Amino acid sequence: MRYACLVYFDPEKVFNQRQTSAGLRPRPEAEQAVRDSEPYNEELRASGHFVAAAALQMPDQAMTLSVRDGKTSTTDGPFMETKEMLAGFIIIEARDLNEAARIGAGIPLAKLGFVEVRPLLNPP
Amino acid sequence: VTHSHAEIIDATYRNEARRVLATLIRLLGSFDVAEEFLHEAFVAAAEQWPRDGVPDNRYAWLVSTARFKAVSRWRRQARLAGLCLDEPPVDASMPGAMLPTIQDDELRLIFICCHPDLTQDARIALTLREVCGLTTEEIARAYLTTAPTIAQRIVRAKAQIRADGIPYEVPERAELPGRLESVLLVVYLIFNEGYSETTCRSVTRDDLCTQAIRLGRILVDLTDDPEAMGLLGLMLLHESRRSARVDTAGELVLLENQDRALWDRGRVAEAQILIERALGARRVGPYLLQAAIAAVHAEAGSTHDTDWAQIVGLYDVLCLVDPSPVVALNRAAALGMRDGPEAGLNAIANILDGGSLDDYHLAHAARADMLRRLGRVREARAAYERALELTRQRAEQRFLKWRLDQLTALQSQGTSVSNDE
């Protein structure tokens, strides 16, 4: 069964800023978690749990659109303006929700933010 | 028959994973770490067995592989953290030395999952997942709830085990009966889940019942407790009727209409021996009494030949030891067989007056049965219809509809319903 681990955090806590600007750097207390993120993906690859992962740019780089009666309207910015932003995701293969939750709890950024674990619809 | 390596590994997972996990929890000290390295050991098996051959003792291979991987991870982390290497925080005993404790590990796992400090719901969820190997989603479907509800229950139970420092051990002899009661209830509930029709499709019912019986055998072997024997006997007697309980069309067949030639005599005999042994201990509990009642049925050639007096007598004791409206209802049904439908009907009326079984379909079905046997067709119909409204089990719905059709046919023929079966 496949699950998405959606990683949310408050960019001020991790980067000390809400907007993208040159030289986005983690705060000292976030450095370790950010540094550990890629090795954790490697660990999941080795254990066979890994399916896919991506980190997202800041929400100010997003645009949101909708199509109504054939007309597309757009706004700049994310769909929801929240303190915590969707920062990335890891898709994993796990035996069940409890295993997925254990793997989700190991995501280094869970120490600073939140990980939402959700099963994928119609697992292949 | 040759099996592919994938099949061998799947079968090994089904048969060995829980025992390996039970040992790893002891060796590695936590559920989560044990689960992680259980997975790692199976990844290694998938890699190495096709190349090097399947080991003779898969349990020992998996345990030592998982432990080796845990130790190397610990060493790597210690090195990265710049710590000097000390003894790894895992039991370093050789695989050979741990073989005699496999069953102990299983029992430890059962006792920790059924620990009385955990809520009943948590005990069932933990046992089904950790001891029986069901997935969170399967447990959720079986209990008509959502996976996150079950997942949270399991995560919290494990956190509580850690926080309260609940030890991974078999309780002392003095503590055993109390601790065992909580274990037996969990086993009984698992068996019922497997035996009942509401169990989700992805879990084979046989599998849950087999698991519960396996747990029952371990408990009898290792504790010699009369109630454990009673529970195992009870489960074996129910299991003995499995092929007679449902006909070829998948319809539920009631006890009185079952082809008793289909009953598994081997299981009945095993149960009888257990019940005899347990009765010798002179400590009579609810499981043993229910098993004794089931054994009286098993000894009879038909409903007619059944020793209903003995069954009513056993229910009388059960009403004292473990009183409940459902036990009273079963006693009333037996009374209806011993003394006739009038007596049964009166007893059921008294219970329904109490109010607590008003929404219980079997109470209305039992009442309908007595009315049918008394030829009170109109009232019988109303009671069957009430029972039908209340039941969600398809086989029981079919059975109740069949009874209603029977009444319709009899009414249209203008004959009265005879009261003998």
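Select A:Arg95, A:Asp96, A:Glu99, A:Arg102, B:Arg18, B:Asp32, B:Glu35, B:Arg129, B:Glu130 and B:Lys158: a network of salt bridges links them. A salt bridge here is a side-chain nitrogen of Lys or Arg within 4 Å of a carboxyl oxygen of Asp or Glu. Side chains of opposite charge can pair when their charged atoms come close.

This is a predicted model, in which local features need pLDDT of at least 70, side-chain atom pairs count only at pLDDT 80 or more, and totals for chains, interfaces and linings use all residues. Residues are numbered from 1 along each chain as its sequence is written, chains are lettered from A and ligands numbered from 1 in the order in which they are written, and side-chain values use heavy atoms, with hydrogens and water left out.

**Stop 1: the A–B interface**

Between chain A and chain B the count is two salt bridges. Over all chains, the structure holds 37.

Now show the polar contacts. The term covers a pair of N or O atoms within 3.5 Å; within protein, one must be able to donate a hydrogen and the other to accept it, and residues adjacent in sequence count only if both atoms are side-chain atoms. Across the interface of chain A and chain B, ten residue pairs are in polar contact, both residues at pLDDT 80 or more.

Helices (H or I, at least four residues) and strands (E, at least two) are DSSP runs, numbered from the N terminus.

Contact means heavy atoms within 4.5 Å. Together the two chains bury about 1,300 Å², 46% of it on carbon and sulfur atoms. Select A:Arg95, A:Asn98 and A:Arg102: in chain A they lose the most area to chain B, together 51% of what that side buries. Buried area is the accessible area (1.4 Å probe) that two parts lose on being put together, summed over both.

**Stop 2: salt bridges within the chains**

Pick A:Glu116 and A:Arg118. Their side chains meet in a salt bridge (2.9 Å, N to O). A:Glu116 is partly exposed at 28% relative accessibility, and A:Arg118 is partly exposed at 48%. Buried means under 20% relative accessible area, exposed over 50%, partly exposed in between (1.4 Å probe, protein chains only).

Jump to B:Glu16 and B:Arg19. This salt bridge spans 2.7 Å, N to O. The two residues sit three apart in helix α1 (residues 5-28) of chain B, so about one helical turn separates them. B:Glu16 is buried at 16%; B:Arg19 is partly exposed at 22%.

Next, B:Glu239 and B:Arg242. Their closest N and O atoms are 3.0 Å apart in a salt bridge. B:Glu239 counts as buried because its relative accessibility is 8%.

**Stop 3: the core**

The largest nonpolar core has 146 residues, and A:Ile92, B:Leu24 and B:Leu109 have the most contacts inside it. Such a core is a set of buried Ala, Val, Leu, Ile, Met, Phe, Trp, Tyr and Cys residues joined through side-chain atoms within 4.5 Å. Centre on B:Leu109. Not counting residues up to four places away in sequence, B:Leu109 touches residues including B:Arg18, B:Phe31, B:Glu130 and B:Tyr168.

**Stop 4: helix α7 of chain B**

Select residues 136-142 of chain B, helix α7, where B:Glu138 is found. Its side chain reaches the backbone nitrogen of B:Thr135 at 3.0 Å. At 1% relative accessibility, B:Ile139 is buried.
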